[in-house]
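The overall build is described first, followed by two local features.

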Amino acid sequence: MPVLAQGKVIPVRTQSKFCDTSKHRGTAGTVTVFVLLLLDKPVSLLIYTGPDGEKAWPKKYPFCGGVFQSPIDFHKDILQYDSNLLPLEFVGYNVPSTDQFTLTNNGHSVKMYLSPTMYIRNLPFEYAASQLHLHWGNRNKSEGSEHTIGGKHFAAELHIVHYNSEKYPDITAAMDKADGLAVLAILLEIGPFNPTYEKIFRHFRNVKYKDQMALVPGFNIQELLPNRLDEYYRYEGSLTTPPCYPSVLWTVFRHPVKISQEQLRALETAMYCTESDDPEPLEMVDNFRHVQKFDERLVFISFHEGKLHEQTVSSLLFSVDPRAKLISGMTAALSISHWSFLSAITLVSWQLCKLSQDILKGILPL
Ligand SMILES: [Zn+2]
């Protein structure tokens, strides 16, 4: 299966290790894909390993090599208890079975669209639901979560994506704004059979191939979350797929949810990145991004656990001169090749905007 690398089609096929979801054999296909890249559409070619894998994402999507990236590892040196973190409240999450969700295979995950009548309270803004999707490993290595805790992967991870509906009309308008998105992350591990997850998983056979769709009767989406909604990690990060906009307020629940071994196996084996008529089907496996550098950020936690770092929040933030941070960020951005110059400018503007916000909030010294 060829994939496009900087305008060229090169033959790449690794065993069950990536998702290449586009039809782009021959000249016409190449042109189509190249035009899509020039238009900077959401990624239509998504691969996690190999020469065009996640390490190469910044070449086409500069934000992927920029600041505030996700996922991350939660380890005690970066955790800071925050008593202001309230349990989230979910409105409209209990959807009657007479309503239906659309489930689809988008070529790199299985995604279920949600209604904006569902929204979250107890965040800085009201965030309306957009979709949920999953990340997972493979049948031989069930370590497919994106976030890790103390370096430990979980079997899989569910993301429920919301957008700031107080400020933006839809997710498209919100996704590249600093306060645009809020994502809930639920870590999955092996345990007893989970009847709520089965309400989605039982439809996998109908979305086996890219672009297939199925209808899922409504149910209470809150039942996909852990019982303990009061204990979570909170930080500012990014989309974990290109274009990796640093626009996500993450809430990663501390307590994993259990699904059975058989359910996990279904997730790891049911779907393909390719369309049903593709002569070279590719299994959809290992669709998780590896953890990113965390630098001088902090993760706020709503619970007391372990020994907190001796430094206070302010001493950590003040330990790095913000002007040095900005200059370093600008240098990195401007070193990106000329064809992505406009994106680099966007990145610098983003950093300036974030810095000015921080100064206004009084977080950073002038
Ligand atoms: Zn995700």
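Of the 366 residues in the protein chain of this predicted model, 51% count as buried. The chain is built from eight helices and 19 strands. Among its contacts with a separation of 6 or more, 72% are between residues 24 or more positions apart. The accessible surface of the protein chain amounts to about 16,900 Å², and carbon and sulfur atoms contribute 56% of that area.

**The zinc site**

The zinc ion has three histidines as its protein donors, H133, H135 and H159, at 2.0 to 2.1 Å. The table lists the donor atom of each residue.

| Donor residue | Donor atom |
|---|---|
| H133 | NE2 |
| H135 | NE2 |
| H159 | ND1 |

Along the chain, these donors follow the spacing H-x1-H-x23-H. H133 and H135 are both buried.

**The disulfide**

A disulfide is a covalent bond between the sulfur atoms of two cysteines. Because the torsion about the S-S bond of C64 and C244 is about 85 degrees, the disulfide is right-handed. Both cysteines, C64 and C244, are buried.

Key. Residues numbered from 1 in each chain as written. Predicted model: local features only at pLDDT ≥ 70, side-chain atom pairs only at ≥ 80, totals over all residues. Heavy atoms only, no water. Donors = N, O, S within 2.8 Å, 3.2 Å for Na, K, Ca; no water. Buried < 20%, exposed > 50% of the residue type's maximum accessible area, 1.4 Å probe, protein only. Disulfide = S-S within 2.5 Å. Helix = DSSP H or I, 4+ residues; strand = E, 2+ residues; numbered from the N terminus. Contact = heavy atoms within 4.5 Å. Areas by Shrake-Rupley, 256 points an atom, 1.4 Å probe, with all protein chains shown as cover.
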